[in-house]
Every structure is written in structure tokens, then in C-alpha cells.
Amino acid sequence: MYRAPFPAQLSVSDRRVIDNNATDVRVYQVWKGSNKFFLGGRVIFGPDVRSIFLTISLIVIPVLLFCAFVSRRIIYAFDNHLGKLIIFILILLTVYDLILLLLTSGRDPGIIPRNSHPPELEEDGSTMSTDWLGSQSSAGVPNLPPTKDVVVNGVIVKVKYCQTCMLYRPPRCSHCSICNNCVERFDHHCPWVGQCIGKRNYRFFFMFVSSTTILCLYVFVFSWVTIKKIMAEYDCNLWSAFLKSPVSGILILYTFMTAWFVGGLTVFHLYLICTNQTTYENFRYRYDSKRNPYNRGCVRNVCEIFLSKIPKSKSNFRAMVRVDSSSLFGSTMSLARPMSPNIRKKSFDIETGKRQAVVAEDFEDIHSQIDSVGGLERCGTQPRHIIQCENSNWEISPDISVMSAEFAMEQGFKDREKVCKKGH
């Protein structure tokens, strides 16, 4: 069994610094992933959240063009109530599509919280590789195995140890290099929604893609209907009809290309759902040539995605945690999670004045230790501005050394120069 190393011993003055600088913050404020949080941690996006505005514009602009330039011809061509119903359904589909986009992009995809220290290796029945066992016999210091074997539906599956999150990833979990998080049932990171697609938002992602396909086909069909009505009304050819309603022609071309993309994506993910695969597994493991341990049959696989209850988030981003706000000890002595670089930078300027009062006591100890050096030998002849004392043996505690390094390094050099001159 391996345990995390105990923290280093702190001096009394160091403890006073930490106690005075302890700050209560919310988890999302010190989150180590690359996510973007809004509304006080209630909404979580990926680091590329700006791409969602491009996606929204690609959906909304064609609909606005349809409503502004094509809808009047639709209402005129059909019965008044039927034409208005067609436009109303279009608006309803657009709103529904945007809601699914936000539900996909603005929620926790299934992030597994990081450990503050490596896990203990317990006798849980997992199997280690013989290569790793052999390396432990030759190495002096044991370490955690890179993989462990777990059994899923009678099939042995390897789970990897994540060095970043300091945990063994559960089956089907992977670490997203963009969001810098381990995500349950990781499918892929989608740049169009600016978020990872995982266990908690895959259902909404598929519904968003499929509804976008329906929306494209809807606009495509009624744009063609408009062109056909113009050709019948003016008894003209196709090109003349496009000239009379150029927006309809643009929408036909745009929705035709877009429908191929999102439609193909819908069919692909429908295949993944029926076979209980993820995009990551399909491209990496190729279950077609071997048994898929997660495949329970088409009906059960579909029910698992659409009818199962979405699990609660494992991270309470609005929970309060206590952290050390000083930049000197924030990275190693935090009481919850290490602080982000931005918070440490701000806290350094705020807390410097508080710490200088405590450091003054230790700085006096530095002077007393310098003055009390009796066995200091004379310095040899040295070039100007170069200070070197041979065989000097100063015993300064590590805590004082840390303090002096940040606040009194320059003054310490000057004092040593004076001591060397006195030695001459």
C-alpha cells in the first residue's frame, strides 16, 4: 500500500502566515481545469466557449433570412393559417435547437474531480503487469502501476493512471487535453459546442445534432417549394426563379451542404448508440474485430442513452473551500486545492504587507546568526564586486532561508560583504 507523503514541517511563523492568509473561496474559483465558469459557477463551458457564438450564428442567420425574405411567399402560396403554421414550426425548431446547444455546452460533461495526492494502492483484486512487477523489484522506490486490469461484463479492460488528475480512470474515461479534465464516458471534444462530450451531456449532443439536421432539411424543402411556386406563377425556368428569389437559392445551397455534414454526423452517432460505443473507442479500439464489453444489444443500448437517469455531477463547483492565499505557500500548503495562477498573483500584492511583519522576526535571526559566526576564515584576494568566503559553515534553518530568499536576499549579500571586509 502506498500513501501520499506527509507535508513538510512548518515553523511557527509559517503557520501564522498561513492562518492569517487562509481564504474561503468557491471550488470553481480554484478549479485547475481549463473550463470557463459563469453565473457564479452554475454554468461551465470549455476553454473554447467563443466558438459557440459561431455555431449560434450559423443556425440563426439562415432562419432570419428565411423569415425575412421567404416566409411572405410561403404564406401567400399556402392557405393563410397553414403558411403561418409553417413559419411557427420553423421558429419552434430553431428555439428547440438552441436550447439543446446550451444544454450540451453549458453543463458538466461528467468531470471526475482530481485527487490532491496519489491514491493508495490497495489489494482490490486488480492485476498488475509482470513488466511493472519486475521494475519494482529492481527499483528502490516503489511507484504506482501505469495500468490496472478490471473486469467489465466478463472482459478484462485496462484502466490507466492519470498523472495530471492523480487517479485511476474508470472504464471508458479519458483525459481531455483541451479541457484538462478526466471525463466519464468520454466521446470527444466538440469545437462547435465548445465543450467535452461525455456521460452527462451526450444525450443532449445527439439531440442537438439530429435536430439541426431536421432544421436544415426543413429550410431546404420549403426553399425549394418557394422556387417551384415562383416557376409556376411566372412560368419561368429555374434560373429565372432563382433571380426572383435569390435568398431561396442561397438557402438551398447552404442547407444542402450543412445537411450532409450534420446528417452524416447524426447517422454515425446513431450507429455508435446502437452498438454502445463512443467516438474515442470507435477510432482507437475498433470493436468490430473484437468483443465490445459494453454492448448489451441494440434496444438496451438505446434505452441506456435516452431513458436512463443522468447522474449528478461529481463536482460541486459552488462549494466553499479554504485555501492559502499567499503566493509563497499557496502551491504547496493549500488546505483544499492549489490556487490558480491568477488568484496567487492577486493575493501576493494584497498579503505582502501582512507577511512583512512576521518576517521581521526571522530577519533579526538572520542578522544574529551572521554576527555570531566565529569560525569564518579570511577571504582570499578577490576581484572587485566578487564576494567569496572559503570554508564558511553557516547553519541557517530552512524556514529562515525561504523567508530571506524572498525579502532580504540583497541585504544578506551586503552583510556578508561587510563580514569579509572585517576579516581582512
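Modeller: Before we start, a residue is called buried when its relative accessible area is under 20%, and exposed when that area is over 50%. Keep in mind too that this is a predicted model.

Biologist: Fine. Is Ala-241 buried or exposed, then?

Modeller: Ala-241 sits in helix H6, residues 238-244. Its relative accessible area is 0%. The cut-off for buried is under 20%, so Ala-241 counts as buried.

Biologist: Which residues does Ala-241 touch, leaving out those up to four places away in sequence?

Modeller: For a sense of place, Lys-229 is 12 residues from Ala-241 in sequence and 8.9 Å away in space, C-alpha to C-alpha. The residues that Ala-241 touches, with that exclusion, are Ile-227, Ile-230, Met-231 and Cys-236.

Biologist: On to the helices. How do H3 and H5 run relative to each other?

Modeller: H3 covers residues 80-105 and H5 covers 202-234, and their axes are 9 Å apart. The packing angle is about 155°. Angles over 145 degrees count as roughly antiparallel, so H3 and H5 are roughly antiparallel.

Biologist: How many nonpolar residues does the contact of H3 with H5 have?

Modeller: H3 passes H5 in a left-handed crossing. Residues making the contact include Leu-90, Leu-93 and Asp-97 of H3 and Phe-208, Leu-215 and Tyr-218 of H5. By class, the contact of H3 with H5 has 1 charged residue, 4 polar ones and a nonpolar count of 17.

Biologist: H2 packs on H5 as well. How many charged residues does that contact have?

Modeller: H2 and H5 pack at about 30°, with axes 10 Å apart, and this crossing is left-handed. Among the residues that meet are Val-63, Phe-66 and Arg-73 in H2, and Phe-208, Lys-229 and Glu-233 in H5. By class, the contact of H2 with H5 has 12 nonpolar residues, 3 polar ones and a charged count of 3.

Biologist: Which element gives the most to the largest nonpolar core?

Modeller: That core has 33 residues, and Phe-66, Leu-90, Tyr-202 and Phe-208 have the most contacts inside it. Strand E3 (43-45), H2 (51-77), H3, H5 and H7 (246-275) each supply at least two residues of this core. With 10 residues, the element giving the most is H5.

Methods:
Residues are numbered from 1 along each chain as its sequence is written. This is a predicted model: local features need pLDDT of at least 70, side-chain atom pairs count only at pLDDT 80 or more; totals for chains, interfaces and linings use all residues. Side-chain values use heavy atoms; hydrogens and water are left out. Axes are lines fitted to C-alpha atoms, for helices over the stretch in contact, and angles run from 0 to 180 degrees between N-to-C directions. Helices (H or I, at least four residues) and strands (E, at least two) are DSSP runs, numbered from the N terminus. Angles under 35 degrees count as roughly parallel, over 145 as roughly antiparallel, 65 to 115 as roughly perpendicular and the rest as oblique. A crossing is left-handed if the near helix is turned anticlockwise from the far one by less than a right angle, and right-handed if clockwise. Contact means heavy atoms within 4.5 Å. Ala, Val, Leu, Ile, Met, Phe, Trp, Tyr, Cys and Pro count as nonpolar, Asp, Glu, Lys and Arg as charged, and the others, Gly among them, as polar. A nonpolar core is a set of buried Ala, Val, Leu, Ile, Met, Phe, Trp, Tyr and Cys residues joined through side-chain atoms within 4.5 Å. Buried means under 20% relative accessible area, exposed over 50%, partly exposed in between (1.4 Å probe, protein chains only).
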